[in-house]
Amino acid sequence: MVSLAVTSAFGQDMSDDSEKVPQVWNITFEGNTTYPGMVLKNQIATEAPGIGEKLKFWDKTGFELNERDVKRDVIRIRNYYQRRGFVNVEVAYRIETKNTEWKKEVFFTIRENNPIRIKNVGYEIKGDDENVRQILESRAFIRAQSQHYYQQGNRYEMIKKPEVVGRFSNVIKNLGYAYVDVNINAAIDSSALSSEVSIQADLGPQTYIDSIKVEGIETVDKDYVLREASLQRGEQYSLNKLQEAQQELFNHHLFRFATISIPDQPQDSTLNLLMRIREHEQRSVELLAGFGLEDKFRGQASWTHRNVAHRGHRFSMTARASFIEQYLNIGYQFPYVFNTKSSFIISPFGQHMLESNYELLRAGVTNSFIYQYSQNLTASASYEFTKNQELSRQRDISLPDTTLEYDLSSLQLTGYYSQGYGRQQEGWVIQPYLEYSGFFGFASFNFQKVSADIRRFIRLSSSTMLATRVQGGGLFNTSSDSLPSNIRFYLGGTNSVRGWYRHELGPKRVQVDSTGFNEYVPLGGRAMFGFNVEIRQELSFLINGLGMAAFLDGGQIWETVARIRQRPVQFGIGGGLRYQSPLGPVRVDIGYKLNPTDQDLNIYRGTNHGSAWNRIGIHFSIGQAF
């Protein structure tokens, strides 16, 4: 029976092409100038296989040609154009056979013709004369007039109406009119292909907050919630202010859910608000784990109390450990300094680090003032004092004492800007950093450290992303020629230049023992530059959550800023796979050094102590970084 089944399957694969159900192989648009084919494909039901599906030679089904659907797609395309001002658009189709009978290409032929253009735009505002004058003279309304889509000469697109109505409605609501009614009337002359647009607004009463009802609170009182929302009885209504208040509550560590709404009520000058809150558990434990070739196993455990003494203060203890770092931290946060955007954190900590070129023990305290200007922009100013003991991992016992004990007292300024939210990667991400050591005169080493990390994420298609990163930094005004190892800059590793392993790009020193050459270890430096360019392609059509990447990385570490010209930038190229597994993200990258130095290849005094593997960096990790 098994052999018969196999024979039958092969018989079907080897059957004449004429017996196969016709499949859509390609979809082509002709005559479209305003909208590209990629946009129009999203408006139709007929689909063609992508490159991945075409490579599945064992399965040529799933894209059967249905001419009824094609005819419906003609109507869909026509409606798409007409809602965007092309009232006289003409759409037709034809089906052609490719090199084999069952492969079909569907052509949609489009004649756009001239669209309807906006001839005039007028504004009609109904309300008290003084209120109307204030609206017309406000900067926000004037800006909306110049920026909305229905400008003279533009196409009249019916689909843009909600967007324009929403823009003017929001502007007027932010000026205190909670019940404003905005509408758009358009007189269309089909023969002249023109339209007269009238944007109309009925202001209603100017409103002020009269009462705020809070539901769902359990461990805090109403006054605390209102303080965190920055809403007060008697203040003028503003839509933006309500949205900001809701966001502030949502961002607060006490609350997992917050909404602010206007319940049904008489539409007069007094406004009653309803605030619904849902609190987090007061105490929680979080456990995280992961694995990587750099740090081997890594784990983190944290315990948090979100409402100490019922004052909204947060107390947390965090411990994390890997084969590189062990870290213990206690944090106490005051969530309100002088407004809801400001907070203060006191954080004593202890740390042990074991790098390839040094071992570090340090303990200290960090005091941080954090200001979250918006959901996208955060800045902080911190003072940190630490006591440090650094041991050089030098195997040459003939060298003098390699233990260095020192204190650091530094002021640190940091910023973070992101166009995306949460884990969403879109647009720009900018992270500047400035450190001034020697503050209050308590430091063993005085220096100034400046760095910046700039990233840009550009979506090339629904499944393709271009990710770029540039980073650089320098150490200046140092009080000593020899700085501790952990202060210096390093490059190389899983999240750096991937042709090299952790910290291995840049100047190195040789380690020898009684048998001769042992290894090179990184020295770090006072100047750093690095970049990454990566194309990410989702492969969900093969396995859900699977992706691949190709990258070009580069960078260099210099001993001082003055020696930048003495060491050229080095490059690594490679690729990898990504998979969003139930255990967390899985990542594999392989990088290849394009221009390694003799030290990178373990060549010492003309003798090659390495192998071909020294040109390659292999990076593997499971789980989120933390």
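1. Contact here means heavy atoms within 4.5 Å. The model is predicted.

2. On that basis, helices H6 and H7 meet through two sets of residues. H6 supplies Ala140, Phe141, Ala144, Gln145 and Gln147, and H7 supplies Arg167, Phe168 and Val171. By class, this contact has five nonpolar, two polar and one charged residues.

3. How do the axes of H6 and H7 cross? They come within 9 Å, at an angle of roughly 170°. Angles over 145 degrees count as roughly antiparallel, and H6 and H7 are therefore roughly antiparallel to each other.

4. H5 spans residues 129–137, with Asn131, Val132 and Ile135 buried. These three cover an arc of only 100° around the axis, so they sit on the same side of H5. Asp129 and Glu137 are exposed, on the face turned away from that buried side. The cover over the buried residues of H5 includes strand S4 (117–126), along with helices H6 (139–147) and H7 (161–173).

5. The largest nonpolar core has 24 residues. Those touching the most other members are Ile212, Val225, Leu231, Leu249, Leu273, Met275 and Ile277. Strands S7 (208–215), S8 (255–261) and S9 (270–279) each give two or more residues to this core, as do helices H8 (222–229) and H9 (239–251).

6. Which residues does Ile277 contact, leaving aside neighbours within four places in sequence? Val214, Glu215, Gly216 and Ile217 are among them.

7. Another core, of 23 residues, lies apart from the largest one. Its members include Ile125, Tyr156, Ile184 and Ala201.

Conventions: Residues numbered from 1 in each chain as written. Predicted model: local features only at pLDDT ≥ 70, side-chain atom pairs only at ≥ 80, totals over all residues. Heavy atoms only, no water. Buried < 20%, exposed > 50% of the residue type's maximum accessible area, 1.4 Å probe, protein only. Helix = DSSP H or I, 4+ residues; strand = E, 2+ residues; numbered from the N terminus. Arc of directions from axis to C-beta. Axes fitted to C-alpha atoms, helices over the stretch in contact; angles between N-to-C directions. Parallel < 35°, antiparallel > 145°, perpendicular 65-115°, else oblique. Nonpolar A, V, L, I, M, F, W, Y, C, P; charged D, E, K, R; others polar. Core = buried A, V, L, I, M, F, W, Y, C linked by side-chain atoms within 4.5 Å.
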